[in-house]
Amino acid sequence: MAITSTPALFISILLSLVLISSAQSCSKYTFPGNQAFSSCIDLPFLQAHLHWNYIPSTRTVHIAYRANQTSTGWIAWAINPNGAGMVGSQALVAFHNSNGSLTAYPTPITSYTTSMRPGALSFHVSNISATYADNQMSIFAVLGPLQNGTAVNHVWQAGNSVINDIPSSHATTGPNIQSMGTLNFLSG
């Protein structure tokens, strides 16, 4: 078979290979400040990764959620304790606010037109913070005690803009509507 592909197709294939080869597995990632996590998963959509340490004696989990993002966008990771999908999820969100500092806070997602404003979740959240470096945003937090056990439905998201210090809506097609799954903090 002769190679008669168009230059655009060749470039597209080459870029895909570069992106795949440059993607760093969660197990090889090193957090600044010597933070270490015993478990992690490379999430299948939105170039995202979840790292965690589960503490059975307190039923708490220390998480680090990280995803590729521009400095003007936002990221979020959530547990949905009562179902699958976005509505009903208990989210952690991070973005650069209007003064340029990084903001991270919890927000309950009550509808498809949620405000994404700070609010209390159905479980305790502490030590929430965020970092941004090398076009990657990360959220850190301690969650729990978790009342529904270690198996959870989770969702993750990313959006392109923040207006008046509130994340704007994310895309409603492709990877953005596929970014959900189940996870067991004991087994990964």
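β1 and β2 form a hairpin, with 5 residues between the two strands. In that turn, Leu46 has a positive phi of about 65°. The model is predicted. The protein has 2 helices and 12 strands. Of its 188 residues, 39% count as buried.

**Overall make-up**

- Read from the N terminus, the order of elements is α-β-β-β-β-β-β-β-β-β-β-β-α-β.
- Take the contacts between residues at least 6 apart in sequence: 55% of them join residues at least 24 apart.

**Sheet with β1 and β7 at the edges**

- This open sheet has 5 strands in the order β1-β2-β3-β8-β7, and the pairing is antiparallel.
- Its edge strands are β1 (39-42) and β7 (125-133), each of which pairs on one side only.
- From one strand to the next, the twist averages 15°.
- β1 pairs with β2 (residues 48-55) in the antiparallel sense, over 4 bridges.
- Within this pairing, Ile41 has Leu50 of β2 as its bridge partner.

**Sheet with β6 and β12 at the edges**

- Another open sheet of 5 strands runs β6-β5-β4-β9-β12, with antiparallel pairing.
- β6 (102-108) and β12 (180-184) each have a single partner strand, so one side of each is left without a neighbour in the sheet.
- The twist here averages 25° from one strand to the next.
- β4 (residues 74-80) and β9 (residues 151-159) pair in the antiparallel sense over 7 bridges.
- Ile75 stands opposite Ala158 in β9.
- In a regular strand, side chains alternate between the two faces of the sheet.

**Disulfide**

- The count is 1 disulfide. It joins Cys26 to Cys40, with an S to S distance of 2.2 Å.
- The pair links distant parts of the chain, 14 residues apart. Cys26 lies in the loop between α1 (7-22) and β1, while Cys40 sits in strand β1.
- What is the handedness of the disulfide between Cys26 and Cys40? The torsion about the S-S bond is about 75°, so the disulfide is right-handed.
- Cys26 is buried, because its relative accessible area of 6% falls under the 20% cut-off.
- Cys40 is partly exposed, because its relative accessible area of 26% lies between the 20% and 50% limits.

**Nonpolar cores**

- The largest nonpolar core holds 27 residues. Ile63, Tyr65, Trp77, Leu92, Leu143 and Phe185 touch the most other members.
- Which elements give two or more residues to this core? They are β2, β3 (60-68), β4, β5 (90-96), β8 and β9.
- Leaving aside neighbours within four places in sequence, Phe185 is in contact with Trp52, Tyr54, Val61, Trp77, Ile79, Leu146, Thr150 and Val152.
- A second, separate core has 11 residues, among them Trp74, Ala78, Ile109 and Met116.
- In soluble globular proteins, nonpolar side chains tend to be buried together.

- Ser138 is placed in strand β8 (residues 136-143).
- Is Ser138 buried or exposed? Ser138 counts as buried, because its relative accessibility is 3%.
- Neighbours within four places in sequence aside, Ser138 is in contact with Phe31, Tyr65, Arg66, Ile75, Ser129, Ala130 and Thr131. Of these contacts, Tyr65 is also one of the residues named for the largest nonpolar core.
- Asn176 belongs to helix α2 (residues 175-178).
- Asn176 is buried as well, with a relative accessible area of 11%.
- Asn176 and Ala158 are 18 residues apart along the chain, and their C-alpha atoms are separated by 7.4 Å. Ala158 is the residue that Ile75 stands opposite.

Key:
Residues are numbered from 1 along each chain as its sequence is written. This is a predicted model: local features need pLDDT of at least 70, side-chain atom pairs count only at pLDDT 80 or more; totals for chains, interfaces and linings use all residues. Side-chain values use heavy atoms; hydrogens and water are left out. Two strands pair if DSSP finds at least two bridges between them. Axes are lines fitted to C-alpha atoms, for helices over the stretch in contact, and angles run from 0 to 180 degrees between N-to-C directions. A disulfide is a pair of cysteine sulfur atoms within 2.5 Å. Buried means under 20% relative accessible area, exposed over 50%, partly exposed in between (1.4 Å probe, protein chains only). Contact means heavy atoms within 4.5 Å. A nonpolar core is a set of buried Ala, Val, Leu, Ile, Met, Phe, Trp, Tyr and Cys residues joined through side-chain atoms within 4.5 Å.
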